[in-house]
Every structure is written in C-alpha cells, then in structure tokens.
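Take a look at the cross-links and ring contacts in this protein.

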Amino acid sequence: MFNTKYICLFILIIIAIITSIFYLKSPIYYQQILLQYQQIIINQLQSNVYVESFLLENQHILHDGSDCTYYDDKNGLFHRTTKYPRFIVTGGAGLIGSHLVKRLRQQYDATQIKVLDNLSHGRLHNLQYEDGTWAISTTRDFCLVDLRNHHIALKYMRGADVCFHLANSFSTTNHSSAFYETILMKINVLYATKLNKISKIILGETISSIKLNSSSSSNEKIIQYQNDLLLRSPDFNIGTVRFQNVYGPYCDFTDVNEQVMGWLIEKVLNSVNGHLPTWKLKEEYHDFIYVDDAVDSLMLTYEQKKNKKRVFDIKSGRTTSLTELIQMISNIAKEKLGRKFESEYNYTPDEIIGEQNDDKSHVHRNLKWRAKVKLEEGIWRTMSWISKNQKKPRVLVTIFGQARGGRLAWNSLHKFLLHPFNAHLAWYTTHLETSSYLHDRVQYLWMEPNHDAWDFVYEMIANTCNNNNNIVGKWKNYCKLSGLFMGGIETCKQNSRTAVLFSLRWLLQQKINKLQLLEKYDWFIITRADELHLCDHYDFINMIRDDIQLPTDEHYNGWSDRHLITRSSMFMKMINITTELVCNPDYWFSRLEQVEYELNIELIQKLIWEKMKLTVSEFPRSMFTVRSKGDPTSWSQGEFHPELSSFDLTVKYPMEFESSRKHCQTMDLKKAIEPLRHYEWKIVK
C-alpha cells in the first residue's frame, strides 16, 4: 500500500513536469508572453492609436503582404522544392540588409533568400548591382510587409531555418516612438520565429536603439522578454550583433540623423566654390564601421554553431571626432578628386561627448572578427559611390494591361529604355497568369482580376470625394453620352473596355501612395507591353519644363495615353482623370455634352489636362505598337507587313510605324529586329 501510494505520487509529479515542459513550448505560453510585453510598449506610448492599431488582427495594415508570392502555410514565401538553408532577412532593403543579401548571394541561390521590408527607409535600388542586375527577384523574393503587426509577422516569417533580423523604425522627430516600434518589431519577429520553428536567428541592432531609454525599467523588461521567450528553449540558437555608425555605398546621404557619414560626404561634394557650410557641432567622438565589416560580423555569427546568450558589440577600436571626420573627408576629396575645401565650425557649449572604447577582445576571440576596411578607405569607397549616384535619375516605367507584344517587344523595351536609364519596371495587369518572361523581369507586379464590370472602382472613387453626399451615383449619367469612354461599366452599352484603363489609373494612384513611390523615383512613365522600340528612347531627363511628354502622332482629337512621361511632382495630377470625372460629374457631363467629336480617353484626357493647366510637349517617336500571334485585341487587328511577318508580328497603327522608322532611320527592318531574338535581358545575377 505504501509503495503504491508513492509510486502514484511519483507518476503524478512526472506527469506535471512533462505537462509544464509542453506548456512552456506551446503557442499559448508564447502568446501570453507576447501580449504581456506588447502592453509594456503601449504603456510607454500612451494614447498612440497608430501603434495600437498594429496589435489588432482585423485592423487594416498598409503593408499586409498581399502582393507577395505566398505558397502555403508550411513553406510561406518559399517554394516547397527550395533547398536549404533558407534565409529570411528583415530590413533587407536597408544599408546593412542589402549588403548582407548580396553577400548571401555569393554562396546561395536567390530562391533561398527572402527579404521582408516595409521600405520606410529602405530602397529597392539597394538590391540592385551596378550593372543593372538584381541580387534577388523583387516579385518572387521580396515581400512588402509591416512587422509591427504580429499577425503579419507570424504569417510571412515561416519556411526558413535562418532569420537575420535587421528591420528597425526610424524617425527624425519622435525618437521614443521609433525606439518602441523597433522593439515591437523585434518582439513580433522573435514570437514568429519561435512558433514557426525557425531554429536560428541573428539580431542586428543599431547603437541608437540601444542607447535610447537604455536605463528605463521598461527597457529592462523588454530584455527580459528575450530571456523568457527564447533562452529557456535549449533548441533555439540566437546571436545578437550590435553596430554603431555603419556607413558605406547605398547609404542614405540625405539625412544627417540617419547617416552622418554619407550626409557629410554629400555636403563636401556639393560645396560651392570649395566653401563648406558653417556647421554648429557638438564635438562628438564616434567609432565608424564600414558596411562590409558589419556584414562580416553577421556572417560569422551565423556560422557559429551555438550563439545562445552571446551579444557581440562590433567596434573598430578607433574613435574619431566630427571635426576630424570632416577634415578627413575634405582631405580625401582633395587627394582623389583634386578639390580644395574650407569650412568653419561653431561648437555648442555642451561638454565633449566621447564613446568609450570597451575591451572587445571577446569579439575577436569568440567571433574571430576584426575590422578590415580602414576609415580612410571606407570614406573613399563611399564618396565614390555617392559621387556617381547622387544625381542619377530614378525612373519607374509602368506597363498597363495584358502581356501583349511578345518577347521581341519586351526585349526592345529593356534594350532601348529600361537599361539606358537604369529604370525599374512595374506592371499593372488584369491577366492572372502567374509565370511568363515578362512576369519574371518586373520589379513591381500588381494584379487585378479582369472584372466583367468595373462599376465598383467608380463607387470607391465616389466615396473619396469631398462632396460625396451630393454626387453619389451621378457618374453613371455619363452612360447617356455617346462615345467609347464608359465601355466596361455594367449599365453602359458602349462597345469598348475603356473603363478598365480609367479604373487602373486610379488603382495605380493607390499603389503609388501605398508604396510611397513618389519619394523613391524622379520620373514616371506609363506605357504598354506591345510597343516595339527600334532605337534609343528620347532623353527626357534633361527636360527643363514640367511638361507631360509623349511621342508624336496618333492622338485621336486629344492626347494619346499609350506612352506618357512626367516628373514625380506632376505624376499624380497627370493620371488623376478618373477622380476628376467621378468627383465633378455635373461639370464634366455638361462639358462633354458640348463636344462634337466622339468621346474617347484621348479627348477626355486632353480636356481634363487643359482644365488643370497641364502643358504637353511631344518628342520624336522611336516605338510603334505591334500585334503578336495570339494577342487579344479590342481595336486594330494589325496590318500585314512583309518584313515583320517573319517575326509573327503585324503593325497595329501604321502612322506610328512610319514615324518611328523614319526617326530611327531604319531602312532594313529585319536587320534591326533580328538582334532582339538573341538579346539577353538578365534580371537576377
């Protein structure tokens, strides 16, 4: 009896221990910890509704990953056949992240690497090489998401066995908010990696996120979170690398608060007559790390078999004052570029601030890391990159519609427009095909189902109008007018699909706003996939006036919509014709009722631009529209031409054809087009 009693008690104790172990590894346990520390952050950001919104499952998230290539709940962004190791890099479009991605590409295939970024201060350009090719496919391997929402993190951070977490929030006006939003992302990432069984994580932390509020009790609780969530798990491998003042090519040189080195170099390079601005400085001392050295430390941490509880503070061991730094930059510019600079400094009465050079022998011993790039060499590399890229125009070309025209037309687009201007390519299509030659080569792929009727877009626009109470449904009156511009609206009987074009313009505006692309590009071009370019595109970059630019011919009593160019400052206004029609129905119904010509998109576009006082200029045409075998078409079926027939192409608009051929001085059409058969449009290196 005695033995039986103790045996039963022993069994109960064993069951309790096993249950506790399984509970400590269960999703419920981790979710409780997650909610606990999320509340700590909310308490620090009192009445911050913006941050609180990221905690709600059903809250509309601006960057929700809806445009990402997501395979299944097991593999996430990875195809099931993708080999291991698989890497997720958060903040992979930033300075350190993009260099890390390129380093990983030296050893691994692009399909093994997925970048998660919200592009708040990262840029797609950072993932591009100097020759125009890319480290990854931005439509397959890049995912625009906001990791401040843990539901988003939990969905997209799966399928990998390694995560480099480099994402952080940045603000020039609210450092406290940025700090806690960065911590919120870190919490969500750790939560997602744990639940999704990503066994190895390397955290990259910047010095700003460490120093700010470092003594607060809430920060101590946040650090404790890492212990609670991760370090209790013997199977979880985590290492932390702390950086300060990382600089190098692809840095943001426009903001001193984010990148002091790049900002100072840019000021020196753009000084007037060798005179630098008079700066008011605190005489601070900093330890600067070149970006390649920072990436070395991340890769060495990844290669460590066990990183648990290890935190590596990465420093070069050389501190430099801002005065010394400015003088060093000036001397290098003088030596390398032959330019002489002079500057004056006014110091604030504050005490001199110096960074302590802690003993980093454990970093050298345990990580076997040492800075390889000397400060002077790093400054020159950064200066060379800024000098080459600071005034390089950033161009985004957007294709509307289906993948018509075929490979010859698409290759000509790259050869004569995209490559010469280092332009990025977006495609807004209503065709839901998921794989083609063109799909694989765009940087932005936006799809909208090919609806039978597009009324819903017009209703969405009406709800955004300031006077929406007075104009609800009035846009439907346009159906009473004769013409072609309302084809595609259910209640209209016009024989066209022009409403698709009007709708896509408004939807494009929403994409541009959502992705903040107006801040990332200087020029915007709207074109179509079935234009065959015969020679170099007109150089629009040196255009002084803010005109809308378009090629000559084929305007149909208005201005053609097939190929439009404008600066970023004018782009949203240029394509705002759908909103103008929907939000001002009384004015435009009366105005269009007086028009003698057939109402089409070209004519309406011209009338609206005139009302907006937008000016238009024309340039010589170097492209013409073709129809490839099997292309769908609503208008021209294409005209036979003997020199094009061997390429299975017909001419859709003869006037465009003759005009482009004349401008490009193309006497032998076969000789001009044949090289496009063998043209290599390489996208991923």
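Phe619 is buried, with a relative accessible area of 2%. The model is a predicted one. Phe619 sits in strand S21 (residues 616-619).

**Aromatic pairs**

Tyr538 and Phe619 form a stacked aromatic pair. The ring centres are 4.8 Å apart, with 5° between the planes. Tyr538 belongs to the loop between strand S18 (531-533) and strand S19 (548-551). The pair with Phe619 links distant parts of the chain, 81 residues apart.

The count of aromatic pairs comes to 24. Another stacked one is formed by Trp410 and Tyr437, at 6.3 Å centre to centre and 15° between the planes. Trp410 lies in helix H14 (residues 407-418), and Tyr437 in the loop between strand S15 (424-429) and strand S16 (444-447), so the pair ties together parts that are 27 residues apart in sequence. Trp410 and Tyr437 are both buried.

One aromatic cluster is made up of Tyr428, Tyr444, Trp446, Tyr521, Phe524 and Phe571.

**Charges over rings**

Arg562 lies over the face of Tyr653, 3.7 Å from the ring centre. Arg86 lies over the face of Tyr84, at 4.3 Å from the ring centre.

**Disulfides**

How many disulfides does the structure hold? There are four. With the bonded cysteines numbered in sequence order, the pairing reads 1-2, 3-7, 4-5, 6-8.

| Disulfide | S to S distance | Torsion about the S-S bond |
|---|---|---|
| Cys465 and Cys583 | 1.8 Å | -75° |
| Cys479 and Cys492 | 1.6 Å | about -60° |
| Cys535 and Cys664 | 2.0 Å | about -65° |

The link of Cys465 and Cys583 is left-handed.

The disulfide of Cys479 and Cys492 is left-handed, because its torsion about the S-S bond is about -60°. Cys479 and Cys492 each lie in the loop between H16 and helix H17 (498-514), so the link ties together parts that are 13 residues apart in sequence. Cys479 counts as partly exposed, at 22% relative accessibility. Cys492 is buried, with a relative accessible area of 8%.

The disulfide of Cys535 and Cys664 is left-handed too, given a torsion of about -65°. Cys535 is in the loop between S18 and S19. Cys664 is in the loop between helix H23 (654-663) and helix H24 (669-677). The pair links distant parts of the chain, 129 residues apart. At 16% relative accessibility, Cys535 counts as buried. Cys664 counts as buried as well, at 15%.

Two further cysteines deserve a mention. Cys163 counts as buried at 0% relative accessibility. Cys251 is buried, with a relative accessible area of 4%.

**The buried side of H15**

Which residues of helix H15 (residues 455-464) are buried? They are Asp455, Val457, Tyr458, Ile461 and Ala462. These residues cover an arc of only 160° around the axis, which puts them on the same side of H15.

Notes: Residues are numbered from 1 along each chain as its sequence is written. This is a predicted model: local features need pLDDT of at least 70, side-chain atom pairs count only at pLDDT 80 or more; totals for chains, interfaces and linings use all residues. Side-chain values use heavy atoms; hydrogens and water are left out. Buried means under 20% relative accessible area, exposed over 50%, partly exposed in between (1.4 Å probe, protein chains only). Helices (H or I, at least four residues) and strands (E, at least two) are DSSP runs, numbered from the N terminus. The arc is that of the directions from the helix axis to the C-beta atoms. Rings of Phe, Tyr and Trp (its six-membered ring) pair if their centres lie within 6.5 Å; planes under 30 degrees apart count as stacked, over 60 as edge-to-face and the rest as tilted. A charge sits over a ring if NZ of Lys or CZ of Arg is within 6 Å of the ring centre and within 35 degrees of the ring normal. A disulfide is a pair of cysteine sulfur atoms within 2.5 Å.
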